[in-house]
There are 2 protein chains.
Amino acid sequence: MQIVDLIKKKRDKQEHTPEELKFLIDGTVDGSIKDYHLSAWLMAAFIQGLSIEETTELTKLMAYSGDVLDLSSVPGIKIDKHSTGGVGDKVTLVLAPLVASAGVIVAKISGRGLGHTGGTVDKMDAIPGLRTDLTIDEFLHQLKTIGISLIGQTQNLTPADKIFYALRDVTGTVESLPLITASILSKKIAAGADIILLDIKYGSGAFMKTFEDAKKLSEMLVTVGKKLGKSVTTAISDMDQPLGFTIGHTLEVIEAIETLKGKGPQDLTKLCLRYAAILLHKAKKVKTIEEAEILLKKNISNGKAIEKFREFIEAQGGNPDVINNYDLMPKAEHHIDILSEHTGFVTQLSAIDVAETAKLLGAGRDRKEDKIDLGVGVELKIKRGQKVNKGTLLAVLHANSLKHIEKALLLIQHAYVIGDKAPLNPPLIKEIIS
Amino acid sequence: MQIVDLIKKKRDKQEHTPEELKFLIDGTVDGSIKDYHLSAWLMAAFIQGLSIEETTELTKLMAYSGDVLDLSSVPGIKIDKHSTGGVGDKVTLVLAPLVASAGVIVAKISGRGLGHTGGTVDKMDAIPGLRTDLTIDEFLHQLKTIGISLIGQTQNLTPADKIFYALRDVTGTVESLPLITASILSKKIAAGADIILLDIKYGSGAFMKTFEDAKKLSEMLVTVGKKLGKSVTTAISDMDQPLGFTIGHTLEVIEAIETLKGKGPQDLTKLCLRYAAILLHKAKKVKTIEEAEILLKKNISNGKAIEKFREFIEAQGGNPDVINNYDLMPKAEHHIDILSEHTGFVTQLSAIDVAETAKLLGAGRDRKEDKIDLGVGVELKIKRGQKVNKGTLLAVLHANSLKHIEKALLLIQHAYVIGDKAPLNPPLIKEIIS
């Protein structure tokens, strides 16, 4: 078999056999297939598409291209959750302890982020001492003892995906449903959990710009997941405006803690309760979603949820005192108030503009080696649908350097669109597919 | 400007601006654009196509990506000829001295071959002492003194094409009309001649399998050539069976010499006379093609054509005695007769099978560094349309090693299809476009 013949086949819109895809992935990992071969194949696959059968096979091959975690030594059903990424998306920080507080094991492998803000692993860095580079043995031990652990992606997990992803990023082949499906699902399969919840964000601040695209991706993820014997549920949720009120690492950890204490923003609380309930139901801890929500709300009000988060921080070497003393986390030196220039209703609050503002302040990175400023970010005071007057406080910028502040001020003003009439707010969770 | 944005543009079937194409070619040559970027772009361009405007701009940029020969110090009109490559294609060896014998300057830059048999530069190696690595000064001096010179591609000519071509070969992006057009024409423009004849072969032994594809390529070459101010003529000719009776380096040089002496095969003689006549007419040496053919035939019969070839060999350091003593060139040790197994008419003589046979004997190369055996090859005794009996001598294999001889014997038998009825022979030259 020759890679050039495989490339020509996909170029001509023909379907690959499982043997051909195996040849592709094996060669990718052992280095016999070069970057320039792969990027030609990726472009051909982007334009000509991959069938469900090809996507399923590719997902499986990518999942098994490196180590696959064996969680069978941990008794009970293990759940995992993944988000396609949004602005102010601190769901994992709330959801994981919340689910674990109800006795379902959360075995979560997260990545660092590229772009506007960091990923979950980056956010964890705001908690002093907390380690996400646990060994697999430490990870398993923690699952057995406290039922929750969160680690960064290890070197040996889905090496084929790592190579593919790095190339897709620089060759304009990211936005392909089959390639996205294979990338997301292969990582989740390699991570070993039994039940997987995928949060598919759509809107200006998300990877998928429209509900239609998000729905197509969701259906493909569920279909391919099922073919591979995994219980996959997707939730399609709005990311046209940021989730919650904070964007930035320390700020988001604080908001997550507040939510676990029952004092979080309504949208974030609602989303986390719903997702946690779905997972409890899938794990057969409860008979109905409603029963699950009652149990979870109780765990917030009786302190079990925040207590689980405390346990988690401590187990991973972090300082659990942050829960009651936010000043232990990195803070920004300057606070800049943003006032409304108009009177009316906030008809739009652009997630992407808010994200770019946060990035200008230092909360994001362009390259893996860039350093994130954990203390900076944007604190929203007003969200979509609210009425404002000229001079109303819209948001507060948390900044250390004032280098890009002028641009940041323009951008955050641009994020708010003020109109005459209150907008129709779309539902936060648009559809659940499983 | 970012290369990933250019890739996305072509991926989405959008048209590039001249500035974007300049960015692409500049970055290709200076190395800032990497192989994996280029192969993604090439695949996108292959599938989504390039407009005539894009192809023209790309051709120009590629032509000027390195040195462009300045032939203006040589008085008179300079012609160049290129073939898309066929089996037994020794046309340049006949055409160049024939045209030069009529007083039109032939400034020819040729490549080495990859695949079944070598290119013109490889064939020249069969003449002892002959150098094709002349300096540009030597090349120009020879054009001024004897009106004919042939050299290999220099390092600095069209570096962008060299990079593109190497990548296209391994990424399944060769058979794209715009990319082929830019590759062929950029090299011819950089080579500096005024009048260009392109021999577009079609059929089993050619790059273009059908007349339709050959015609599309021809039209694109002429159109783009015109836009770039070059007189380009294409001739579409049959390559379903080999040209002439010989395939292999020494064998082809001998056949070319015989043709220049007026004793060559009918098909090769006819093709060369026609092409030479077109070039003489384009160069305004004669009023009509017919007048040109009369002049050229005279130059063959009065010895001027073969004398020009002698001068050329001598000027480039070769031993001109080869003209009368073929034993001075590399020969094969073994001669193996191939007899017909059937009685009937040769309805097909597969050029590709004959080429593969020659390659098995050692006449071709897979990689640039492979060594060619100049003495080996296939000598056909019977061609398409001829009547044969069981036992008629079809061909003679000239071999040194008998390593692959069994496979070669099977293949050459397979090349001949014997049927009941004489086939309709297609015209040798199907169409001239200018």
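Analyst: Let us begin with contact, which means heavy atoms within 4.5 Å. This is a predicted model, in which local features need pLDDT of at least 70, side-chain atom pairs count only at pLDDT 80 or more, and totals for chains, interfaces and linings use all residues. Residues are numbered from 1 along each chain as its sequence is written, chains are lettered from A and ligands numbered from 1 in the order in which they are written, and side-chain values use heavy atoms, with hydrogens and water left out.

User: Which residues does A:Phe309 touch?

Analyst: Leaving aside residues up to four places away in sequence, A:Phe309 touches A:Leu93, A:Pro97, A:Ile127, A:Ile257, A:Leu260 and A:Ile323.

User: How is a nonpolar core defined, and which residues of the largest one touch the most other members?

Analyst: A nonpolar core is a set of buried Ala, Val, Leu, Ile, Met, Phe, Trp, Tyr and Cys residues joined through side-chain atoms within 4.5 Å; buried means under 20% relative accessible area (1.4 Å probe, protein chains only). The largest core here has 83 residues, and A:Val99, A:Ile127, A:Phe309, A:Met329, A:Val378 and A:Tyr416 touch the most other members. Helix α12 (residues 266-282) of chain A gives this core its largest share, 10 residues; helices are DSSP runs (H or I, at least four residues), numbered from the N terminus. At least three residues come from each of domain 2 (78-323) and domain 3 (331-419) of chain A, with domain bounds taken from an automatic or database domain assignment. Another core, of 80 residues, lies apart from it and includes B:Val104 and B:Tyr275.

User: How is a pair of packed helices described?

Analyst: Two packed helices are described by the angle between their axes and the distance between the axes. Axes are lines fitted to C-alpha atoms, for helices over the stretch in contact, and angles run from 0 to 180 degrees between N-to-C directions. In chain A, α15 (residues 351-361) and α16 (residues 405-415) pack at about 165°, with axes 8 Å apart. α15(A) is therefore roughly antiparallel to α16(A), a term for angles over 145 degrees. Among the residues making the contact are A:Leu360 of α15(A) and A:Leu411 of α16(A).

User: At what angle do α3 and α8 of chain B cross?

Analyst: The axes of α3 (residues 35-48) and α8 (residues 159-171) of chain B come within 10 Å and cross at roughly 70°. These helices are therefore roughly perpendicular to each other, the term for 65 to 115 degrees. Their contact includes B:Trp41 of α3(B) and B:Phe164 of α8(B).

Definitions and conventions:
Buried means under 20% relative accessible area, exposed over 50%, partly exposed in between (1.4 Å probe, protein chains only). Helices (H or I, at least four residues) and strands (E, at least two) are DSSP runs, numbered from the N terminus. Angles under 35 degrees count as roughly parallel, over 145 as roughly antiparallel, 65 to 115 as roughly perpendicular and the rest as oblique.
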